[in-house]
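Load the model, keep the selection panel open, and follow the stops in turn.

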Amino acid sequence: MLEKILSITGRPGLFKIISQGKGILIVEELGSGKRFPAHSRDKVVSLGNISMYTESGDTPLGEILDKVYAKHEGRKIDVKALIENKGLRNEFQSIVEDYDRDRVYENDIKKLFTWYNILVDNGFTEFGDKEEKDKETPEA
């Protein structure tokens, strides 16, 4: 699911792949629905390819977003209040206890919470790879 959601360097927000051609992607901004081309010179990253550093290794972004969703019961996070109260790291630690404090920066946490809010605003409720979850669950 997150493979079709993109982050484009230099552009705020998240984008959904609509179509692709030779050296170009047509993307739609989540929220506004505005469509535009993303060229091969743009740095485009799929959220499905992002992971965060933890003490036990890298954790896929989808798993972390699922934990955030569960902790906040699908409600948005007030990122500005967390920044003002210097509570970004404390909030993130309550969700991902074993995150690598040396390699995960406050900007990374801010971006994660901002992306989470965008995804929740656009109706996303599951973030992890469904196929991976099915592999982990043994069949009866």
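Buried means under 20% relative accessible area, exposed means over 50%, and partly exposed covers what lies in between. Keep in mind throughout that this is a predicted model.

**Stop 1: Ile-83**

Select Ile-83 in helix α2, residues 79-84. Is Ile-83 buried, exposed or partly exposed? The relative accessible area of Ile-83 is 37%, so this residue is partly exposed. Now show its surroundings. Beyond the neighbours within four places in sequence, Ile-83 is in contact with Leu-88 and Lys-110. Ile-83 and Val-104 are 16 Å apart in space and 21 residues apart in sequence.

**Stop 2: helix α4**

Select residues 106-121, which make up helix α4. Draw a distance between its end C-alpha atoms: 23 Å. Why does that agree with expectation? The helix has 16 residues, which at 1.5 Å a residue should span 22 Å. The expected span takes 1.5 Å times one less than the number of residues.

Colour the buried positions of α4 next. They are Ile-109, Leu-112, Phe-113, Trp-115, Tyr-116, Asn-117, Ile-118, Leu-119 and Val-120. As background, an α-helix has 3.6 residues a turn, so residues three or four places apart point the same way. What do the buried residues of α4 pack against? Show β1 (5-8), β6 (51-54), α1 (61-72), α2 and α3: these are the packing partners. Then step past the end of the helix. Gly-123 follows α4 and has a positive phi, near 90°.

**Stop 3: aromatic pairs**

Show the aromatic rings. With ring centres required to lie within 6.5 Å, the model has five aromatic pairs. One of them joins Phe-92 and Phe-113. The ring centres are 6.4 Å apart, the planes stand at 65°, and the pair is edge-to-face. Phe-92 sits in helix α3 (residues 88-95) and Phe-113 in helix α4, so to speak distant parts of the chain, 21 residues apart, linked by the pair.

Move to Tyr-116 and Phe-127. Their ring centres are 6.3 Å apart and the planes are at 55°, so this pair is tilted. Tyr-116 is in α4, while Phe-127 is in the loop between α4 and α5 (130-136), so the pair ties together parts eleven residues apart in sequence. Check accessibility on each side. Tyr-116 is buried at 0% relative accessible area, and Phe-127 counts as buried at 2%.

**Stop 4: arginines over rings**

Select Arg-103 and Tyr-53. Arg-103 lies over the face of Tyr-53, 3.8 Å from the ring centre. Then take Arg-101 and Tyr-99. Arg-101 lies over the face of Tyr-99, at 4.6 Å from the ring centre.

**Stop 5: the sheet**

Switch to cartoon. Five strands form an open antiparallel sheet, in the order β4-β3-β2-β1-β5. Which strands are at the edges? They are β4 (35-39) and β5 (44-46), and each pairs on one side only. On average, neighbouring strands of the sheet are turned by 45° against each other, direction ignored.

Zoom in on β2 (residues 15-21) and β3 (residues 24-29). These strands run antiparallel and are joined by six bridges. Finish on Lys-16, whose bridge partner in β3 is Glu-28.

Terms used. Residues numbered from 1 in each chain as written. Predicted model: local features only at pLDDT ≥ 70, side-chain atom pairs only at ≥ 80, totals over all residues. Heavy atoms only, no water. Phe/Tyr/Trp six-rings, centres within 6.5 Å; stacked < 30°, edge-to-face > 60°. Helix = DSSP H or I, 4+ residues; strand = E, 2+ residues; numbered from the N terminus. Buried < 20%, exposed > 50% of the residue type's maximum accessible area, 1.4 Å probe, protein only. Lys NZ or Arg CZ within 6 Å of the ring centre and 35° of its normal. Pairing = 2+ DSSP bridges. Axes fitted to C-alpha atoms, helices over the stretch in contact; angles between N-to-C directions. Contact = heavy atoms within 4.5 Å.
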